[in-house]
Amino acid sequence: MNEWEVFRRERKGQPFEHAGSVVAPDADFAEAWAREQYGRRGESVALWLVPRDQIRDVEDWADEFDLKYRRVDGYSIKARLKLARENASAVAEGGA
Amino acid sequence: MGKLTIVRKVVCVAAVEVPPDEQAFLEYVQSGGQVETTDWMPDDYRAKLIKFIEMHGNSELMGVLPEREWILKAPTLQRKLALTAKVQDEVGHSQLIYRVAEDLGKPREQMLADLISGKAKFHNVFHYPTYTWGDVGVIAWLVDAAAIISQKALLKCSYAPYARIMKKICWEESFHILHGRDVILAMVTGTPEQFGLVQEALDRWWGPLMQFHGNPIPAGEDPMYKWRIKSQGNEEARQQFLDGYVPQILELGLELHDPKLRKRDDGVWEYTEPDWDELKHVVTGHGPKTQERLAFRKHFLDQEQWVRDVVLAA
């Protein structure tokens with residue numbers, strides 16, 4: 001008996017999403033269980049069945065060089081924005 | 001701006017790993033962190049998950065028995081088909097749920113054996129008899145409504161594989177509630193006798209329904225809440241049930257025979273203290289139908305042993 005991960009596509013054009021898993025002796029049984037458990041009410045237009053031991057798991061994400069500047073969380077503009085607004089309003093008041 | 005904030009959040013969560021010590025793990029789940037099957041988890045967390053998920057699976061499997069009794073006695077072909085589909089759905093839920101518990105380390109055969117022997121529990125409402133088609137309507141509408149409140153809260157469960165299957169389960173439950181409400185509406189708009197059958201069934205089920213969400217222990221003292229297996233306390237769930245369904249019951253002209261039942265100005269429902277002794281007595285295997293239904297389940301497990309043997313040998 002092997003574990004099979006089940007991915008389902010809800011509608012055409014949507015990505016496959018992990019739904020759950022089934023235990024089955026072979027691919028045909030796995031398909032039968034998966035059809036029954038993840039498709040019998042028309043809630044999926046397609047299923048992917050993947051033997052669990054065939055999945056290559058990638059979970060380590062090294063970030064030794066602090067590459068945050070490539071992402072949204074690399075920028076904290078709050079303090080500078082506040083300062084810029086204060087400067088601008090000080091100039092406006094001074095000019096009045 | 002709202003969209004940017006979301007992107008920022010996703011990036012941060014993706015970078016967080018499940019922490020490999022119990023205290024840090026607890027803080028991780030309490031701050032909304034989710035755990036996958038292959039992640040490290042404390043033994044206590046795993047044990048609590050298995051206990052909770054196993055009871056849920058048992059309840060789905062045992063919960064079909066009171067309704068199954070009515071497939072042959074359903075009043076029309078349409079109702080017979082709908083009830084059959086619902087029973088099939090609930091057994092399907094137990095398959096999905098047992099699979100999650102099995103993946104956490106408890107073999108399915110062991111779970112079924114513990115169910116039959118009475119070692120493992122199932123929900124109080126499935127230990128009671130059904131007398132009329134009115135009971136079927138009340139079960140499909142109100143028992144399912146109470147259950148879906150608990151199940152919706154599990155969409156936020158800290159154990160992600162469980163939360164994911166709950167999406168599909170909640171989707172199917174919404175059809176069950178509508179089916180139940182439709183049965184009730186047909187009866188309350190029918191003959192006075194049919195209306196009476198609904199009122200009598202409601203009177204029978206109100207006690208067990210009020211006990212369904214469990215003792216009002218504070219969420220902070222609930223081990224299932226501590227680990228964020230549940231995302232709300234028992235009383236919170238019951239209040240949500242009362243808030244959603246008391247008005248829907250009363251608008252049909254049905255009566256709830258609890259003299260203390262009322263909604264306070266601050267929005268909190270007051271009610272007569274549910275019979276917690278009855279709840280304890282029933283779920284520990286002493287309900288009016290407990291032994292009969294377990295014997296029935298055992299009969300079919302024995303009868304179909306050969307199917308499991310064939311599949312396991314394949």
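The model is predicted.

**Stop 1: the A–B contact**

Show both chains. Here 15 residues of chain A are in contact with 19 residues of chain B. Colour the touching side of chain A by class. You will find six nonpolar, four polar and five charged residues.

**Stop 2: helix α10 of chain B**

Select residues 234-250 of chain B. This is α10, a helix of 17 residues. At 1.5 Å a residue it should span 24 Å, and its end C-alpha atoms are 24 Å apart, so the two agree. Next, centre on B:G244. A kink of about 25° lies there, shortly before the proline B:P247.

Now show the buried side chains. Pick B:N234, B:A237, B:R238, B:Q239, B:F241 and B:L242 of α10(B). What do the buried residues of α10(B) pack against? Their partners are α6 (133-153) and β2 (269-270) of chain B.

**Stop 3: helix α6 of chain B**

Move to α6, residues 133-153 of chain B. Is α6(B) mostly covered or mostly uncovered? Mostly covered: 17 of its 21 residues are buried. From first C-alpha to last, α6(B) reaches 30 Å, close to the 30 Å expected at 1.5 Å a residue. Finish at B:I139. A kink of about 35° in α6(B) is centred on that residue.

How values were computed:
Residues are numbered from 1 along each chain as its sequence is written. Chains are lettered from A and ligands numbered from 1 in the order in which they are written. This is a predicted model: local features need pLDDT of at least 70, side-chain atom pairs count only at pLDDT 80 or more; totals for chains, interfaces and linings use all residues. Two residues are in contact if their C-beta atoms, placed from the backbone, lie within 7 Å. Ala, Val, Leu, Ile, Met, Phe, Trp, Tyr, Cys and Pro count as nonpolar, Asp, Glu, Lys and Arg as charged, and the others, Gly among them, as polar. Helices (H or I, at least four residues) and strands (E, at least two) are DSSP runs, numbered from the N terminus. The expected span of a helix is 1.5 Å times one less than its number of residues. The bend at a residue is the angle between axes fitted to the seven residues ending there and the seven starting there. A residue is buried if 20 or more other C-beta atoms lie within 10 Å of its own, exposed if 12 or fewer, and partly exposed in between; C-beta atoms are placed from the backbone.
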